[in-house]
Amino acid sequence: MRKLIAASFFASTAFATEATRDDFTNLSIEELLKLDIISASRLGEKTSQAPTSISILTAKDIRTFGWRTLAEALNSLRGLFTSNDRNYSFLGARGFMRSGDYNSRILLMIDGQRMNENIYDGGYIAQEFMLDLDLVDHIEYVPGSGSSIYGANAFLGMINVVTKKGQAVNGAQLAGEIGTFDTYKGRVSYGKTLDNGADLLFSASHFDSAGVENLYFPGFDKPETNYGVAHNMDDERSDRLFGKFTFEEFTLSGGYVNRFKRVPTASFDAVFNDQQYFTEDKQFFTNLKYEKNFSDTSKLQVKGFYQGYGYHADQAYLADGTRVINHDFASGRWWGGEAQLTFSPIDGHHVIMGLEYQYDQRQSLINHDIDPYFSYVQSRRSGHRLEAYLQDDIQILGDLIFSAGARLDYHHMLNSMQANPRLGLIWSPLDNTQFKLLYSSTFRAPNAWERDYNAFGFVANPDMREEQIKSYEAVAEWRGNSGLRLLSSLFYNDISQLLQGRPVTDDINGDYSVQNYGRYHAYGIELEAEKRWNNGRLLKASYTYNLLTNENLHGTWAAYSPQNLFKLHYAESFFNDNLTLGIENIFIDRRKLDYAGSFADAYNLVNVNLSSDKIFPGLDTSFGIYNLFDIHPQMPGVSDQIDIIRMNGRELRLKFQLTF
């Protein structure tokens, strides 16, 4: 399955102080903007002074609006949008998205640790994500112009999911959910700060959903394919474990997720409505981190990690009328470490320097038919990655900061070293007003699948180079004394050498190879207004205009790119804070498809969530209505037969959480 999705895609084209972090959800907007960014500490500045336009979602936001997955939370942020092919969720940023790239151009982290695996570079954001959102303290999103210091996968941006401390749970927790389509979820967690100062958190959960019983696909509306109805082909389940233990300067953390999904789309010559068609993803990580503050201006962080990823899928297809099962398998293991030093050598300078190493111990791809046995792909590779970075934030004047950073990368998938700068000029004429001019460049190396896949009409290309992006951005931000924040951003991205499928010969029906052919320009503006009241009321609105052009097609509007995004969030507490109402409105403009010049229609999604933690001591309840007006948003399809995929209509969820 994974091979076919990817083949189609290519062919078609940490806070500084413990006190603030423990009570993060109750901070005002002014306090939020004064906090240090935890994003692997490499920005190392307060949000208002960092060389980026960062967005933050808190645990309170997650609870108020009832987001069930990381994908739903990210879809609420300005400039981001999601898509789904009824198997995986995909994330687009500032107009750019490639359905089928498994979010390989966005860096996904948990507590500053990279989660993108080493086979497809996938950063998974739905039920295949490592964490339950109940364990999340806050989410940070750094768009492309501020993220290039993180290296290869921070091509379009960086997302850092920061977990709660055990103190935030402060006891044992039992949670249960029931929802539409026979959806159930259970979780047990325990968190505590011990008398000796050690903090621990442990959680385990299980998710199970039968999905939509009958899904209709017009492209298969024939008697021999059940008149286009996929019956009981939408089920999904996942299991998660997460633990974190902190004592003095040391933090040990780890997580595991196992997710199964049946695939109803019968894409790429699969047998339609066949129960054998499924994918399964497993991922784990362990991380040991040491942090030592030597003074108010100097800090050392050292960490080591070991991670793994596994994927397999079975898919039935017909060969001369005979049903054959194809088995697709991938396995990755990698380990490494990082050392980072933050210090101020002289007045007016804030320096961050670091060294990262990762050894890709295993990058294995296997594909074969089971009976009769026939091998299509069998590859295995390993290699080293080494990255060094340096940034100096220079206080030129009392109200003017010049930020200069650079990163040097060695990657075993490339034949040359990669050097990329980041520059920022931050002017603060008033304490509550900032203007920023930002520039950065970064790269993405070919992943193991792109480099080694040599079957199903694709020929391996050993001469691949890195993808490149240059980002330019101007930001203006103002904060009022009453909790009002206004932000505007103008951006331009120059994307070149993008990897995509190209015919090896002039025969378009012949073999393809993955080549550095794509070139795109992205122009856009982002506007956001946010007001938080002390009584818990929230009103936030954002608008994004994107124009992504395909320069290989004479600057025409690129596929999968919505030109307009509008998002509105409103929250209000009633009955002396006994009940909280959260309303979310998401508008995503139409998207052009590669198939026959068609479009996925624009849609306006409204979600409503009611929550209360005052009904009974220790009990937290919520009731969510997702897709209130029962529309069926259209998403880009996976083939000529399924060029549009309709999403679910209205869904309900009832959730209980008991802490004792």
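The structure is a predicted model, in which local features need pLDDT of at least 70 and side-chain atom pairs count only at pLDDT 80 or more, whereas totals for chains, interfaces and linings use all residues. Residues are numbered from 1 along each chain as its sequence is written, and side-chain values use heavy atoms, with hydrogens and water left out. R105 itself is found in the loop between β3 (89–93) and β4 (106–110), where helices (H or I, at least four residues) and strands (E, at least two) are DSSP runs numbered from the N terminus. With a relative accessible area of 1%, R105 is buried; buried means under 20% relative accessible area, exposed over 50%, and partly exposed in between, with a 1.4 Å probe and protein chains only.

A search of the whole structure finds 25 aromatic pairs, for which rings of Phe, Tyr and Trp (its six-membered ring) must have centres within 6.5 Å, with planes under 30 degrees apart counted as stacked, over 60 as edge-to-face and the rest as tilted. One of these is the edge-to-face pair of F96 and Y520, with 5.8 Å centre to centre and 85 degrees between the planes. Because F96 lies in the loop between β3 and β4 and Y520 in strand β25 (residues 512–532), this pair ties together parts that are 424 residues apart in sequence. Both F96 and Y520 are buried. The rings of F458 and Y512 form a tilted pair, at 6.2 Å centre to centre and 35 degrees between the planes. F458 lies in the loop between α7 (448–452) and β23 (467–479) and Y512 in strand β25, so that this pair ties together parts that are 54 residues apart in sequence. F458 and Y512 are likewise buried. Ring pairs also link Y88, F90, Y102, Y120, Y124, Y309 and Y311 into a cluster.

Charged side chains also meet aromatic rings. The charged end of R94 sits over the ring of F491, 4.4 Å from its centre, and the charged end of R237 sits over the ring of F260, 4.1 Å from its centre; the criterion is that NZ of Lys or CZ of Arg is within 6 Å of the ring centre and within 35 degrees of the ring normal.

Turning to strand pairing, 5 strands form an open sheet of mixed pairing in the order β1-β6-β7-β4-β5, two strands being counted as paired if DSSP finds at least two bridges between them. The edge strands of this sheet are β1 (55–58) and β5 (113–114), each of which pairs on one side only. Within the sheet, β4 and strand β7 (residues 157–163) pair in the parallel sense over 5 bridges, and L108 stands opposite I159 in β7.

An antiparallel arrangement is seen for strand β20 (residues 400–411) and strand β21 (residues 418–430), which are joined by 10 bridges and form a hairpin with 6 residues between them. The bridge partner of A406 in β21 is P421. In turn, β21 and β22 pair in the antiparallel sense over 7 bridges, with I426 opposite K436 in β22, and these two strands form a hairpin with 2 residues between them. Strand β22 (residues 433–444) contains T442, which is buried, with a relative accessible area of 4%. The C-alpha atoms of T442 and T246 are separated by 34 Å, the two residues being 196 residues apart along the chain.

A cis peptide bond, with omega about 5 degrees, joins D371 and P372, and P372 is placed in the loop between β18 (349–369) and β19 (374–397). E248, although not a glycine, has a positive phi of about 55 degrees; E248 lies in the loop between β13 (236–247) and β14 (250–262) and is exposed, with a relative accessible area of 62%. N627, also not a glycine, has a positive phi of about 65 degrees and is found in the loop between β33 (619–626) and β34 (634–636), where N627 counts as buried at 5% relative accessibility.
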